[in-house]
Amino acid sequence: AVSAEVYGDYNKKEDFKPRFIQKSEAQIERIKKRILNSFMFQALDEKDLNIVLGAMEEKKFQVGDVVIKQGDDGNELYVIDEGRLECYKKFTGLEEEKLLKTYIPGESFGELALLYNAPRAATIKAIEDVTTFALDRETFNNIVKFSAIKKREQMEEILNKIELLQSMDNYERVQLCDVLKEEKHKAGENIINEGEIGDRIYLIIEGELEAYWKGQTEKVYDYKPGDYFGELALLKNAPRQATVIAKTDVILLYCDFNSFRRLMGPLEEVLKRNMERYEKYLQQ
Ligand code: 1OR
């Protein structure tokens, strides 16, 4: 990981004058809604947030447009308001570009070149008409970069401890930060109830939990930090199979099933294999 210190305040130019682009109230509200959902921007205080909102510029692209070209210099990052794009990468030695992922509204791209002062690492094409908000390198460097790198490092450290995510590469894990939400619960609280319809999978950051079934008469599993639960409803497309209760105070991250399928699709196989852990338990 890149050391956060290197990007400390000494990188902040005293005489930095952020660009200001005139926008309507409605536009500002839309940008705000989008960037507050993105982990890179979540650590900004009110003053810095307003600078970023002022510097953002609405940019529209048409289906087929190449917004970012691999190898180019990068001067902006983009937050998507409307429309979808595809991300392709050309790997050395391979003829064909490889489709890495599809971007949807609310997501952002083009941050790597700005974060690490590197050429564009991939190509991004609009597959629909697209509206984005673009943030320039100077504002990003002066206002967002330091806290974004710090946030990234914190998240990396947390997610590195979760075994389920080990088969993902670092960058894929970091992208999870935008869809994972944090939740705290007190000891004794029910997180999941048997029979309910589920729509999230949980990762355990801190604390311990227990799973019960048959109306909470029989304990079927113990969960510890680094473990996950709530995956059966996803795999079986069925109601919750057990009740999960916090044994201690807990900190959890959760992800809705749709985002999970989109960003962590390949992990479904791992989840399926791991399902046998419950069967062993029940036989004892
Ligand atoms: P950028 O400024 O380098 C291209 O411009 C953008 O594509 C990049 O920032 C990211 O926002 C986005 N590797 C590199 N860039 C990626 C990747 C990616 N995915 C999206 N971008 N990988 C795919 C991980 C799902 C790693 C491939 C080895």
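This is a predicted model: local features need pLDDT of at least 70, side-chain atom pairs count only at pLDDT 80 or more; totals for chains, interfaces and linings use all residues.
Local features here require pLDDT of at least 70 and side-chain atom pairs count only at pLDDT 80 or more, while totals for chains, interfaces and linings use all residues. Residues are numbered from 1 along each chain as its sequence is written, and side-chain values use heavy atoms, without hydrogens and water.

The shell holds 17 residues, of which Gly110, Glu111, Ala113, Arg120 and Ala121 come nearest; a residue is near if one of its heavy atoms lies within 4 Å. By class, 12 shell residues are nonpolar, 2 are polar and 3 are charged, with Gly counted as polar and Tyr as nonpolar.

Next, the polar contacts, which are pairs of N or O atoms within 3.5 Å. A backbone N or O atom of alanine 121 lies 2.7 Å from a ligand oxygen. Another polar backbone atom, from leucine 112, is 3.4 Å from an oxygen of the ligand. Tyrosine 103 places a polar side-chain atom 3.5 Å from a ligand nitrogen. Taken alone, the ligand exposes 590 Å², and the protein buries 89% of that area (Shrake-Rupley method, 1.4 Å probe).

Finally, the secondary structure, taken from DSSP runs (helices H or I, at least four residues; strands E, at least two). Two or more shell residues come from each of β5 (97-103), α4 (112-116) and α6 (170-176). The most, 3 residues, come from α6.

Terms used
A polar contact is a pair of N or O atoms within 3.5 Å; within protein, one must be able to donate a hydrogen and the other to accept it, and residues adjacent in sequence count only if both atoms are side-chain atoms.
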